[in-house]
Every structure is written in structure tokens, then in C-alpha cells.
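Please look through the sequence and the model shown here before reading on. The report that follows takes up a few places in the chain and then the chain as a whole.

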Amino acid sequence: MWKYNISLGEWTWVSGANIVDQNGNYGTKGMAMTTNIPGARQAMVSWTDNSGNFWFFGGYGFPASGAHSYLNDLWKYDVGANQWTWISGTDLTNQAATYGTKGIANANNIPGARQMSVAWKDNVGNFWMFGAWGYIGPPFGRLNDLWNYNIGTNQWTWIAGVNTVNPIGTYGTLGLASTSNIPGSRRMSVSWADNTGKFWMFGGNGYDAIDSLGLLNDLWKIDVGVSNEIHSFSQNGLTINYYPNPFAAEITIEIADSKKHSIQIFDLTGRVFFTNAIENKTTIDMSAYAAGVYFIRMEGITQKVIKN
């Protein structure tokens, strides 16, 4: 691992070996240690969280022992402490996915071993990953599954796509969003997230709408319901902010004073999902709840929010 100092124009060797084909030292899952180090690998996907730490998932490389192959381990590197932590997945190669129920986070969910996915971080700091050349257990093939990893809960959620290899795309109408649209399975695409939290992806090697395999030049946009916009309402001189809306898994509420205020979140039927007294800033995890319309009630004011 290397760091480049832009102002000095200097490189620093930070961690890892200076010889090739090294196995990883995984340590204990969830525990940072100076002796931890991922095995040598290629074609993983990575992102930085809102605290500046570096994360990556999978790739093709070396596990804790044995020969190289496809991996499904998730790692975090703490820049300040200079320590790696094995977060989730296995220390073995060619592990099958556990998809669980689409849209429902679960501690047992885990993407299968893969390489050459595309990935991005949303505006609340969580990680999204689409497609790959990977393993669903068995066989290997091109994938079109969309996953979300929630940093706060350390849980994966299968969001969209299928749990079989080599599916074709459902394109729908050019320029028209639809819940039935899904890109075909692919690897080696390029991607980015725009300032509104929407994910964009272009091309790759994969399957088109008529089950032909080859190089693609299709451009896709995926709206996962995570936005930069902060919503506010005021009551008796008190301003309350909530965001994002719509949201995918979590919603954050900020209050501009240090007092505790009662809050409720309920659905269209009046069923209460959350009730508590909060202060300052609170992030509420609703990843286990169904998509739909919910309401926040505070200080006698009710606001509508949407979970995608």
C-alpha cells in the first residue's frame, strides 16, 4: 500500500510486502490490528467513507492460505491508525453468495466472490456495488445483482437484479425510469455518482437485451433514493432538519438545540415503527422495513418521507 504526498511530490510505502503473491493475515473479524493485511489481489472495488477511511471488497487474489482465486472479503483501512480490519465475508476463495430476501438487510447476507464490479458511495456514506464476474455457488458467470452495504449496521442488502448468472437486460423505454428496468449482467463497466446521489454506469463486457454477449455502450442511471437535499420544518422557533428524502436505509434527524424532543415514525396505517426522545443528531436505521410512505411526527408537526 502506497501514499502519495501531492505537495511534496513524494511516495511513501505504507503497508504490505515488497514481494508478489502474498497471502492475507486476516486476524479476528471486526478487530483492527497492526499485523492484519489483505492478501495480494486485483480487480476489487473500493471507496472512502465519510471519515476518510478506505474500504474494498473482493477481487481476484490470495486468501489466508492457499492459491489465488476469487474473493468475497470486505476490508477497512483506518488511515489515522494505519491498521486494517477484516469486516465481513470469508478468508477463503470461491465462496457462494447468501442473498437473503431482496430489500431486507440481514447479518447473514453476503455477496459471492467476484471481481470487476462497479461501485459507489452514497451521500450518507454507505456502499453500493453492481455486477461482476463472480460466483453465486455454482457456477461462475456475469452478474447483475445490486448490493448495498450499511457501515453503521455492518449488514448487506440485496437490492435489485437476479441471483443467477448471465441474465440479459430489461431496457424499457429510452429515457424513462421504471422499476422493471435492469441492466444486463456485465463486468468492467465504468461508473460514478452525481451530486444528487444518483448512480451512472456506462458499458462493459456483458449481455444485451437479446442475449448476445459482447462489448456494450449503454448508459444507465440508477436512482436509489439517496439525496443531498436537506429538508426542514420549524415550530415555535425550533428548526428540525431531516435527510435524505427519499431514503434507502437510514434517515437522519438534526435538531438545532440541546434539548430532548419526542419523535414518532409511522406508516399509512398508523402503525408506529419508531418512538423515542432524541437530541442533536440521530440516524435511524429503517433498512429492515418495507419500501413505502412513512411519516415523522415531532413537536406536533407531521412530515412525509419515502423509503425506496
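The model is a predicted one, and in it Asn-166 sits in the loop between E12 and strand E13, which covers residues 186-187. The backbone at Asn-166 has a positive phi of about 60 degrees, although Asn-166 is not a glycine. Most residues other than glycine have a negative phi, and most peptide bonds are trans.

Ala-43 also has a positive phi of about 60 degrees without being a glycine. Ala-43 belongs to the loop between strand E3 (41-42) and E4, and with a relative accessibility of 27% it is counted as partly exposed. A further backbone feature is the peptide bond that joins Pro-138 and Pro-139, which is cis, with omega at about 5 degrees. Pro-139 is placed in the loop between E10 and E11.

## The chain as a whole

The protein chain contains 24 strands and 0 helices. Its radius of gyration is 21 Å, close to the 19 Å that the globule rule gives for 308 residues, so the chain is as compact as a globular protein of that length. Taken along the principal axes, the box filled by the C-alpha atoms is roughly 65 × 50 × 40 Å.

Of the 308 residues in the protein chain, 44% are buried. When contacts between residues at least 6 apart in sequence are considered, 47% of them join residues at least 24 apart. The chain exposes about 15000 Å², and carbon and sulfur atoms supply 52% of this area. The chain has 19 positive and 21 negative charges, and the mean positions of these two sets are 3 Å apart.

## The largest nonpolar core

Which residues have the most contacts inside the largest nonpolar core? This core has 19 residues, and those with the most contacts inside it are Phe-57, Leu-74, Phe-127, Met-129, Tyr-149 and Trp-156. At least two residues of this core come from each of strand E4 (45-48), strand E5 (54-61), strand E10 (127-135), strand E11 (140-150) and strand E12 (155-160). Apart from this core lies another one, of 18 residues, which includes Phe-233, Ile-240, Ile-253 and Tyr-294.

Phe-57 is located in strand E5, and its relative accessible area of 1% means that Phe-57 is buried. Leaving aside neighbours within four places in sequence, Phe-57 is in contact with residues including Asn-72, Leu-74, Ile-110, Phe-127, Met-129 and Trp-156. Phe-57 and Ile-87 are 30 residues apart along the chain, and their C-alpha atoms are separated by 9.8 Å. Leu-74, with its neighbours within four places likewise left aside, has contacts that include Trp-47, Trp-55, Phe-57, Ile-87, Tyr-149 and Trp-156.

## Phe-140 and its surroundings

Phe-140 is part of strand E11, and its relative accessible area of 28% places it among partly exposed residues. Beyond its neighbours within four places in sequence, Phe-140 is in contact with Tyr-70, Asn-94, Trp-133, Gly-134, Tyr-135 and Val-165. The C-alpha atoms of Phe-140 and Ala-96 are separated by 9.7 Å, while the two residues are 44 apart along the chain.

Glu-254 lies in strand E19, which covers residues 250-255, and at 23% relative accessibility it counts as partly exposed. Not counting residues up to four places away in sequence, Glu-254 touches Thr-239, Ile-240, Asn-241, Tyr-243, Asn-280 and Lys-281. Lys-281 is 27 residues from Glu-254 along the chain, and the C-alpha atoms of the two are separated by 4.3 Å.

With neighbours within four places in sequence left aside, Met-286 is in contact with Phe-247, Ala-249, Glu-250, Ile-251, Ile-265, Tyr-294 and Lys-307. Tyr-207 is 79 residues from Met-286 in sequence, and the distance between them in space, C-alpha to C-alpha, is 34 Å.

How values were computed:
Residues are numbered from 1 along each chain as its sequence is written. This is a predicted model: local features need pLDDT of at least 70, side-chain atom pairs count only at pLDDT 80 or more; totals for chains, interfaces and linings use all residues. Side-chain values use heavy atoms; hydrogens and water are left out. Helices (H or I, at least four residues) and strands (E, at least two) are DSSP runs, numbered from the N terminus. The radius of gyration is taken over C-alpha atoms; the globule rule is 2.2 Å times the number of residues to the power 0.38. Buried means under 20% relative accessible area, exposed over 50%, partly exposed in between (1.4 Å probe, protein chains only). Contact means heavy atoms within 4.5 Å. Accessible areas come from the Shrake-Rupley method with a 1.4 Å probe; for residues, only the protein chains shown count as cover. Lys and Arg count as positive and Asp and Glu as negative; His and the chain ends are not counted. The place of a charge is taken as NZ of Lys, CZ of Arg, CG of Asp or CD of Glu. A nonpolar core is a set of buried Ala, Val, Leu, Ile, Met, Phe, Trp, Tyr and Cys residues joined through side-chain atoms within 4.5 Å.
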